[in-house]
Amino acid sequence: MARRKNKRQIFEHVEVIDAGAKGKTIGKAPDGRVIFLPNAVPGDVVDVQTFKKRKAYFEGKAIKFHSLSNKRTEPKCEHFGVCGGCKWQDMEYKYQLEYKQKEVTNNLIRLGHLDLPEVTPILGSEEQYFYRNKMEFSFSDSRWLTQEEIESDRDLGDRNALGFHIPGMWDKILDIDKCWLQQDPSNAIRNEVKRFSVENGLEFFNTRNQTGFLRTMMVRTSTTGDLMVMLQFFKEHKEHRELLLNHIAEQFPQISSLQYVINSKANDTIYDQEVICYKGQDHIFEEMEGLKFKINAKSFYQTNSLQAYELYKITRDFAGLTGDELVYDLYTGTGTIAQFVAKQAHRVIGVEAIPDAISAAKENAQLNGIENVDFYVGDMKTVFNDDFIAEHGHPDVIITDPPRDGMHVAVVNQILNIAPKRIVYVSCNSATQARDLALMKASYKIVKTQAVDMFPQTHHVENVVLLEKLN
Ligand code: SAH
């Protein structure tokens, strides 16, 4: 039974009709069921081979293209199709925007059953490449081989890689030569670090066996010109560590923060690790409208700085502040939105779960000379309670910017109890946003909704909704 269920099927001449969740495009099987495809563009006509069958849909891939969509464009990146990073690079940007807008609107209407005002068109990103200020590359001694490499009889050289995880493969890394997401000298640093490490016999990590020396590298750029590079080693090897770090410092004198971590844990997250500053500062600065934000190796900062500025301006505009309001900024991270709106508010209270982020928020506020903000740390559903409101005041406006999961139902209920006159809901996942908004629709009206594209070439989309209290 189970075997028959997952039998591969071929469907011929399927028209790809849509693009949506998780970046996949959509066709229809002869029985009307949806087929999700990772490698097509709406408008293509393709033969499909399925590899997964579910009650309501298939997953498959296009194996033959009969005709190509006029929404296509030539992908710029040589790694497109293998690297999982920029799945929509073969779709013209204006259509990427169209599908992102559609996804947001559909989610709000179909999942949330919400009444929408006239939707203002999605705000595209001026930079469609090289827009990311943070990239993390992984070292591996078992580089992913492309089909072409496997089939060729060329000498494939060593198997070391410095690049990105192949989607769905935790231990396979694609070696990257040029990534189109982060400005120079990001590519130059990565390629030189790899070249030098291979030349000097530094061991690349083996995830499966948990062996090797070089683990990950993070590069953070900033619109201020600051540049952070952080190497993560699996174990201490002073001679090799200094050899590499000194070489990086010499070759790239523009690095203002060179740091490292020695992490022998099974996983490579650094949040519980000590970051050691090798050269320069232990932080960089980002700047926005004259505000400075100090960012250390562990800090969260919106990854598309220019577009984050647009997102924040929309958020502030939606908040409609006159200078008298008490504003709560829920899920404040390092307090960027709170500080961004502070000048137009009487007082702003930021709440966030990560203690380090709150320390950074306080430090940044002080640095910026902002005195009408306060920050508190804690899990939102616990800390944002009646006592908290009694102590810090009843907000006129709540700005909320939760993670992908959206808000806990207790947090939504607490917002409903507090009943501020305006709520600005910033979301990176319009499906959970729709779910949360549905819980509020008896008391709040959606006045504006504005999608913002922070991540060109991917399916990700941010959405800002303004709610006003009914009567
Ligand atoms: N508004 C910020 C960050 C938004 S990201 C900015 O624009 O930079 C979402 C934030 O929610 C993260 O900082 C994350 O640490 C925080 N968070 C996630 N779950 C939380 C919870 N249960 N309680 C409080 N904060 C949480």
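Leu 231 touches Phe 139, Thr 216, Met 217, Leu 244, Leu 245, Ile 248, Gln 259, Tyr 260 and Val 261, with residues up to four places away in sequence left out of the list; contact here means heavy atoms within 4.5 Å. The model is a predicted one, in which local features need pLDDT of at least 70 and side-chain atom pairs count only at pLDDT 80 or more, while totals for chains, interfaces and linings use all residues. Residues are numbered from 1 along each chain as its sequence is written, and side-chain values use heavy atoms, without hydrogens and water.

Leu 231, Met 217 and Leu 244 have the most contacts inside the largest nonpolar core, which has 76 residues. A nonpolar core is a set of buried Ala, Val, Leu, Ile, Met, Phe, Trp, Tyr and Cys residues joined through side-chain atoms within 4.5 Å. Buried means under 20% relative accessible area, exposed over 50%, and partly exposed in between (1.4 Å probe, protein chains only). The 76-residue core lies between domain 2 (95–128 + 304–469) and domain 3 (134–151 + 158–288), because both give residues to it; the domain bounds come from an automatic or database domain assignment. Apart from this core lies another, of 34 residues, including Ile 122, Tyr 328, Ile 446 and Leu 467.

Phe 233 is placed in strand β12; strands (E, at least two residues) are DSSP runs, numbered from the N terminus. Phe 233 counts as buried because its relative accessibility is 0%. Among the residues it touches are Phe 213, Arg 241, Tyr 260 and Asn 263. The C-alpha atoms of Phe 233 and Asn 263 are separated by 6.1 Å, although the two residues are 30 apart along the chain.

Aromatic pairs were also counted. Rings of Phe, Tyr and Trp (its six-membered ring) pair if their centres lie within 6.5 Å; planes under 30 degrees apart count as stacked, over 60 as edge-to-face and the rest as tilted. The count by this rule is 16 aromatic pairs. One of them, formed by Phe 233 and Tyr 260, is tilted, with 6.1 Å centre to centre and 55° between the planes. This pair links distant parts of the chain, since Tyr 260 belongs to strand β13 (residues 257–262) and Phe 233 to strand β12 (residues 227–233), 27 residues apart. Tyr 260 counts as buried, at 8% relative accessibility. Ring pairs join Phe 213, Phe 233, Tyr 260 and Tyr 278 into a cluster.

Terms used. Helices (H or I, at least four residues) and strands (E, at least two) are DSSP runs, numbered from the N terminus.
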